[in-house]
Amino acid sequence: MVKPVAPLVKTGKNCRCWFWSGNKFKEIYQKEAQHAYFSPGRVNLIGEHIDYNGGLVMPAAITFGTYLLISPNNDNVFRFKSLNFDEKADVAVNDSYKKDGDGWYNFPLGAIEYFTKDGHKITGLDMLFFGDIPIGAGLSSSASIEVVTSFALNELFKAGYDKLELVKIAKSVENNFMGLNCGIMDQFAVAFGETDKAIVLNCDTLKYDIVPSNLGDYVLAIINTNKSRKLVESKYNERVEECRQH
């Protein structure tokens with residue numbers, strides 16, 4: 001059971017994530033994490049498959065989300081590790097990056113690629129991701145990873161992007177790096193969500209209204225069927241193309 005929650009933030013050492021994941025970071029990297037960030041997932045209340053057609057949608061950020069603990073390193077390498085996946089990757093700092101297989105780390109690597117191509121010098125980082133969004137459950141775990149990584153890079157390297165620009169960067173990662181022709185709803189919802197609020201978003205103009213959604217004694221019930229939903233490997237792009245043809 002969930003309710004709309006505050007949007008992505010930089011977290012402090014009083015955050016609950018530090019009590020467990022901070023120790024995990026130290027165990028893995030043999031040093032303290034210098035920064036921690038959080039980005040929520042989202043639930044869509046109205047408007048499935050509408051965003052890439054430029055229509056109106058009504059999503060809300062949720063209490064489940066993605067944490068990123070991060071520290072710079074002097075080894076000229078990006079180290080991607082997660083407490084949710086066995087896969088890990090070490091990628092040397094370079095002038096360009098390409099998607100490597102289907103690993104989860106491609107999502108943050110795509111954000112690094114964008115920042116690098118846009119002229120920002122991104123140096124070595126030790127990163128630990130973890131989240132409580134059920135993977136593949138349709139709650140935008142990928143968008144949450146993209147946005148939290150972009151938010152962290154923007155702050156650490158003083159890139160100067162505003163929140164909407166970070167949303168567009170995260171969407172670009174999905175479209176151009178991962179190869180999924182999604183709309184902008186997921187990234188927008190996790191970045192602009194507010195506690196006890198939903199968002200009415202025009203996906204064509206990006207004009208939006210924040211609307212109250214305090215449900216009182218009621219809650220949104222999300223049921224995980226454990227049927228994995230992997231959009232990159234699905235017929236999602238085919239559905240997008242069919243809509244464009246009509």
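What share of the contacts in the protein chain with a separation of 6 or more comes from residues 24 or more positions apart? The share is 69%. The legends below describe a predicted model.

**Figure 1. The whole chain and its order of elements.** The protein chain has 246 residues, and 50% of them are buried. Its secondary structure consists of 6 helices and 8 strands. Read from the N terminus, these elements follow the order β-α-β-β-β-β-α-β-α-α-α-β-β-α. The pLDDT of the chain averages 87, and 88% of the residues reach at least 70.

Figure 2. Where pLDDT is low, the predicted coordinates should not be read in detail.

**Figure 3. The largest cavity.** Rolling a probe the size of a water molecule over the atoms shows where empty space is left. In the whole structure, the search finds 1 cavity of 30 Å³ or more. The volume of the largest cavity is about 90 Å³. Its lining has 14 residues, and those closest to the centre are Asn-84, Phe-85, Gly-131, Ile-135 and Ile-145. At least two lining residues come from each of strand E3 (56-72), strand E6 (125-131) and helix H3 (141-156). Strand E6 gives the most, with 3 residues. By type, the lining of this cavity holds 7 nonpolar residues, 6 polar and 1 charged.

**Figure 4. The second largest pocket.** This pocket holds about 360 Å³ of space. It is lined by 18 residues, and Val-43, Ala-137, Gly-138, Leu-139 and Ile-222 are nearest its centre. Strand E2 (residues 35-46) contributes the most to the lining of the pocket, with 3 residues. The lining of the second largest pocket is made up of 9 nonpolar, 5 polar and 4 charged residues.

Figure 5. A pair of aromatic rings is described by the distance of the centres and the angle of the planes. The structure has 12 aromatic pairs. In the pair shown here, the ring centres of Tyr-67 and Phe-130 are 4.8 Å apart and the planes meet at 15°, so the pair counts as stacked. The two residues link distant parts of the chain: Tyr-67 belongs to strand E3 and Phe-130 to strand E6, 63 residues apart. Are these two residues buried or exposed? Tyr-67 has a relative accessibility of 5%, so Tyr-67 counts as buried. Phe-130 has a relative accessibility of 11% and therefore also counts as buried.

Figure 6. Phe-188 and Phe-192 are both buried.

**Figure 7. An aromatic cluster.** Which residues form this cluster? Its members are Phe-85, Trp-104, Tyr-105 and Phe-129. Phe-85 is also one of the residues closest to the centre of the largest cavity.

Note on methods:
Residues numbered from 1 in each chain as written. Predicted model: local features only at pLDDT ≥ 70, side-chain atom pairs only at ≥ 80, totals over all residues. Heavy atoms only, no water. pLDDT = per-residue confidence, 0-100. 1 Å grid on protein atoms, 1.4 Å probe; cavity = no way out; pocket = protein on both sides within 12 Å on 5 of 7 lines; lining within 4 Å. Points joined across faces, edges and corners; volume = space filled by probe spheres on them. Helix = DSSP H or I, 4+ residues; strand = E, 2+ residues; numbered from the N terminus. Nonpolar A, V, L, I, M, F, W, Y, C, P; charged D, E, K, R; others polar. Phe/Tyr/Trp six-rings, centres within 6.5 Å; stacked < 30°, edge-to-face > 60°. Buried < 20%, exposed > 50% of the residue type's maximum accessible area, 1.4 Å probe, protein only. Contact = heavy atoms within 4.5 Å.
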